[in-house]
Structures are given as structure tokens and as C-alpha cells.
Amino acid sequence: MSAVAEPEPTAATPAPRLDVWMVRERGVSRTAARALIDAGLVHVDGRLGRPGQRVDAGAVVEVADPPAPAVAPPAPEAAEPDELRIVFEDEWLAVVDKPAGLVVHPAPGHPTGTLADALRRRGDTWSTVGGEDRAGIVHRLDQFTSGLLVVAKSEAAHRALAGQLAGRTLGRTYWTLVWGAIAETTGEIDAPIGRDPRNRQRMAVVDSGRAAQSDFRVLERLAQATALEVSLRSGRTHQIRVHLAWVGRPVVGDPVYGRGDDRHRGRPALHARRLRLVHPADGTERVFEAPLPADLESLLDAARRGEL
């Protein structure tokens, strides 16, 4: 833990915000400062700090190192090392490359056999901020969407990552293949998403929905389809699939929002291929990537041959 006394501000220079003070005095980015504050690791005069509070003259700012969580004894049914594709792991968090078909946490119809179950079987200690049945889970991917997600080992890490998710600084970029051509090279879809009033099991673009923004960039134009990179600026249920269907370019293979004549229905061509976050331990930005899985590589090859 480090303690630093804030210098006396001048009359022309008002006391800085805590997150700005962290940037100046700790040499971290503004995003990293917010992550440390949101994790409850920054105190001002003995009290939990808030990003926008002013650091007055003579205030003592303390920045604690995140505690390393205790490690639980190995579970008797530990998962095989290759059951979960771990892209990165340390004592605070892990980044998992989730295969298509794996449910993230228990839900109606899927009480067991989830990613959360597999994490527990590994024998590590995981954050229970989201509940015992969602140990470690910070955010989720749909069952048949593959790709990267981050899971938390400590409560401090969980709070910091959830803060980034809420603050829209946890970068999530997807690869997808959609039906049809797109004239623009880049674009934005800004349309609110909520429950479909005609079918409560689906989501839809509705005026009463919550704000949702998706940015896209064309990667490859093919005879029958277009490969896109899509970045999220919000995190609504089925957001990418709903937005693309709404603009008339449904995801290939999508069984809910896709074309009725799609012979690939069942596995949406959607893969979370890049994840960007600020590590709660040291405030450094980390970027992780996962290549397309074999089934989507095969689908892309078929699209390049015009055989969808």
C-alpha cells in the first residue's frame, strides 16, 4: 500500500479529480485509474475513493495492491487441461476461448455442464460476486457463440472488470458472416433492443428497448455473404444478431433471427475474437485474440467458393 499527500493547489488550479490525480501521480491511464477505484483499492483520507471526488490539499491517497486470492484444494473431478481453452491465466483472472455449444452458467434447461461448472472443477477459487452458481462469471456469450470471455478469481478483480463492462471500456470485437452485400466499408447500428412484444422468447429492435450501439467494418465481400468485424458499445442480449437482422443482413446459421432457408441453421457464424481489458492488478491494458474455430473456417471457405 502506498500513501501520497496531495500538494497544495493554487487558487488558479482547483483540486484535481481523483481519477485525474491517479493519472498524474501514479502514471496510469484514465481507464486504469477508474478500474483501480471501482475495485475499491483506492482510499482518500481512509475512505473509499470515488472517481470524480476532488483531492483537496493535504489529502492522503492510498492505493492498495489487489490481494491474491486463496487457492482452494483441487476438486476430485478436476477437468482435463484441454476441456477449457485458457488463453491467459494468473491469480486474478483467466481469459477463456469458449467453444460453441457450451452454456456459460446454469439456466433453465441447462442446470449443469456449464462453463461455470468447468471452472469450479478446476479447483481454483473464483469470485462469487455474481452468485455461487455463476462463480467467476463477469459477462457471458450465447450458447452457440464461440470466443473469448474473461472470468474473475477475486472479488476485487470482478468488481474492476464489471466496472469496465458498465463503463463500456471492456472492448469486445466479434467476427461474423452475414447474408448479402453491404455497400459501406464501416458503419454504426444505433437502435434500442428489448423483448419482442410478439414473442417474449426473442429480442427485437423496439422503441421501448434499451439503447444499443454496434460498430461494424467489412472484412471480406463474397458472392453470397459478407464477413464483418463488429464491436459492441453496449451489451444487450443477442445484440449483434438482432441488429444485423434488423438491417436485413442476418447472421449465417442464426436459428432465431436468420433466414428460414439457411441450411446452416443452428450455429450462428459469430465468434468473439478479440477482448481488450485493463488488468486490475497493475492497470495495464491487455489485448487477447482467438482464431476462428475449424467449423467457421470451413464455412468461410465455402462462402469464398460461393457454396453457401
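1. Let me start in the loop between H4 and E8, where you will find Arg168. Bear in mind that this is a predicted model. Phi of Arg168 is positive, near 60 degrees, and the residue is not a glycine. As for cover, Arg168 counts as partly exposed, with a relative accessibility of 49%.

2. His238 is worth a look next. Here too phi is positive, at about 60 degrees, in a residue that is not a glycine. His238 sits in the loop between E13 and H5. Is His238 buried or exposed? With 19% relative accessibility, His238 counts as buried, because the cut-off for buried is under 20%. His238 also turns up in the pocket list, being among the residues that lie nearest the centre of the second largest pocket.

3. Moving along to H5, this helix is mostly covered, with 6 of its 8 residues buried. The buried ones are Gln239, Ile240, Arg241, Val242, His243 and Leu244. Gly248 follows H5 and has a positive phi, near 85 degrees. H5 spans residues 239-246 and is one of the elements that give two or more residues to the lining of the largest pocket.

4. Now the largest pocket itself, which has a volume of about 1000 Å³. It is lined by 39 residues, and those closest to its centre are Leu165, Arg172, Ser234, Gly235 and Arg236. Which elements give two or more residues to this lining? They are helix H4 (155-166), strand E8 (171-179), strand E10 (193-196), E13, helix H5 (239-246) and strand E14 (270-278). By class, the lining of the largest pocket splits into 14 nonpolar, 13 polar and 12 charged residues.

5. The second largest pocket holds about 630 Å³ of space. Its lining consists of 23 residues, and nearest the centre are Arg140, Asp142, Gln143, Thr237 and His238. Which strand gives the most to this lining? That is E11 (residues 199-205), with 3 residues. In terms of class, the lining of the second largest pocket has 10 nonpolar, 7 polar and 6 charged residues.

6. The side chain of Glu229 does have a polar partner: it makes a polar contact with the side chain of Arg273, at 2.8 Å. Setting aside residues up to four places away in sequence, Glu229 touches Thr173, Tyr174, Asp215, Phe216, Arg217, Leu219, Arg273 and Arg274.

7. Leu219, one of those Glu229 contacts, lies in strand E12 (residues 213-221). With a relative accessible area of 32%, Leu219 is partly exposed. Beyond neighbours within four places in sequence, Leu219 is in contact with Trp175, Ala227, Leu228, Glu229 and Arg273. Take the Trp175 pair: Leu219 and Trp175 are 44 residues apart in sequence, while their C-alpha atoms are 8.9 Å apart in space.

8. Asp196 is buried, with a relative accessible area of 5%. Not counting residues up to four places away in sequence, Asp196 touches Arg202, Met203 and Ala204. Its strand, E10, is one of the elements that give two or more residues to the lining of the largest pocket.

9. Finally, the whole chain. It has 6 helices and 15 strands. Of its 308 residues, 47% count as buried.

Key. Residues are numbered from 1 along each chain as its sequence is written. This is a predicted model: local features need pLDDT of at least 70, side-chain atom pairs count only at pLDDT 80 or more; totals for chains, interfaces and linings use all residues. Side-chain values use heavy atoms; hydrogens and water are left out. A polar contact is a pair of N or O atoms within 3.5 Å; within protein, one must be able to donate a hydrogen and the other to accept it, and residues adjacent in sequence count only if both atoms are side-chain atoms. Contact means heavy atoms within 4.5 Å. On a 1 Å grid over the protein atoms alone, a cavity is a set of points where a 1.4 Å probe fits but cannot get out, and a pocket is an open set with protein on both sides within 12 Å along at least five of seven lines; lining residues have an atom within 4 Å of a point. Grid points are joined across faces, edges and corners, and a volume is the space filled by probe spheres set on the points. Helices (H or I, at least four residues) and strands (E, at least two) are DSSP runs, numbered from the N terminus. Ala, Val, Leu, Ile, Met, Phe, Trp, Tyr, Cys and Pro count as nonpolar, Asp, Glu, Lys and Arg as charged, and the others, Gly among them, as polar. Buried means under 20% relative accessible area, exposed over 50%, partly exposed in between (1.4 Å probe, protein chains only).
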